[in-house]
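Hi there,

Have a look first, then read on.

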Amino acid sequence: MTADRPVLILAGPTGSGKSALALALATRFAGTIINADSMQVYAELRVLTARPNPADEELVPHRLYGIVPASERWSVGRWLAAARMEIEVAWQAGRLPVVTGGTGLYLKALTEGLSPLPAVSAELCRDLEALYEQEGGAKFRERLRSFDPHAAARLPATDRQRLVRAMAVARGTGRALTAWHEINPPRPALAARFATIMLLPPREDLYRRLDARFVAMLASGAVPEVRRLLDLNLDAGLPAMKALGVAELARFLNGETTLAEACAQGQAATRRYAKRQLTWLRHQMTANFVIEDEALEQACASAEAFMRAFLLTPGP
């Protein structure tokens, strides 16, 4: 495997225009769009996750969208294995892999690799999940602090999946996740030449887009989508049940709020999430090209010029 085969990464917060730019660049450069959003993998969540519509999916190949049921737990490891396969398929077909999504951990894993971690028993994980539900996130995180202070300081109390994983590793092996990462540093996921374009729109502009998008989602069927999801009677701790808008619209469907209140709550939750994404991207990812304040047409033109130069430049 050579390291000169190109991969385009489009990073940015939710609502920043990644999907539209990915479609434009994939059309221009014979690309295959590969999803790197942890919620867009779920089949039941087309509207609330703003998945590309069927018309766009027909224009260029789209991969890893809606591929698993909401009853499954998708993970960065599973995504990385699937993304590697799709990138190889795109290369073999003579196409440019265009990896796009707002899950920064996925993108970082692709470019930097993952640290191999020890296996922990499923029984221990189930016991710790039950403990999390019994105690609540804040108390569980405080309990984790004595086993893994770094993970407890880094993870929010609402991140059940990673808190339970950190506790399971520490309890099951006697060694914190940080220590395992030091012993087993990340291994490159694949040999490639990455070009990373990052969309970082002004925060207030982004918030306005997100508020308008949530209203549009309601008009496009977000409420019946959540009703169908709730009818599956899934574990509330599953990742799909934590998708933006699910909890807020579930409260409306249960008669706890009005639709207007649910909309306002969903908009606020989305803005908070976008703010966290912006912070993470600015501190955790390095981009080759940043687009901060451009309309879509201008962004496409500047991104095309950058990619033309990148693809014409010989690799190492």
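Please keep in mind that the model is predicted. The volume of the largest cavity comes to about 50 Å³.

Which residues line it? Around the largest cavity you will find Leu-48, Leu-210, Arg-213, Phe-214, Met-217, Leu-244 and Thr-270. Sorted by class, this lining is made of five nonpolar residues, one polar and one charged. Helix α10 supplies the largest share of the lining, with four residues.

Now to the packing. The largest nonpolar core is built from 55 residues, and Trp-79, Val-99 and Leu-110 have the most contacts inside it. Two or more residues each come from β1 (6–11), α3 (76–92), α4 (104–112), β5 (193–199), α10 (203–219), α11 (222–231), α12 (246–253) and α13 (259–284). Of these elements, α3 gives the largest share of the core, seven residues.

Leaving aside residues up to four places away in sequence, Leu-110 touches Ile-9, Trp-79, Leu-80, Ile-87, Val-99, Ala-189, Leu-190 and Phe-194. Another core, of 23 residues, lies apart from the largest one, and its members include Leu-23, Ala-26, Val-98 and Ala-299.

Enjoy exploring!

Best wishes

Methods: Residues numbered from 1 in each chain as written. Predicted model: local features only at pLDDT ≥ 70, side-chain atom pairs only at ≥ 80, totals over all residues. Heavy atoms only, no water. Core = buried A, V, L, I, M, F, W, Y, C linked by side-chain atoms within 4.5 Å. Buried < 20%, exposed > 50% of the residue type's maximum accessible area, 1.4 Å probe, protein only. Contact = heavy atoms within 4.5 Å. 1 Å grid on protein atoms, 1.4 Å probe; cavity = no way out; pocket = protein on both sides within 12 Å on 5 of 7 lines; lining within 4 Å. Points joined across faces, edges and corners; volume = space filled by probe spheres on them. Nonpolar A, V, L, I, M, F, W, Y, C, P; charged D, E, K, R; others polar.
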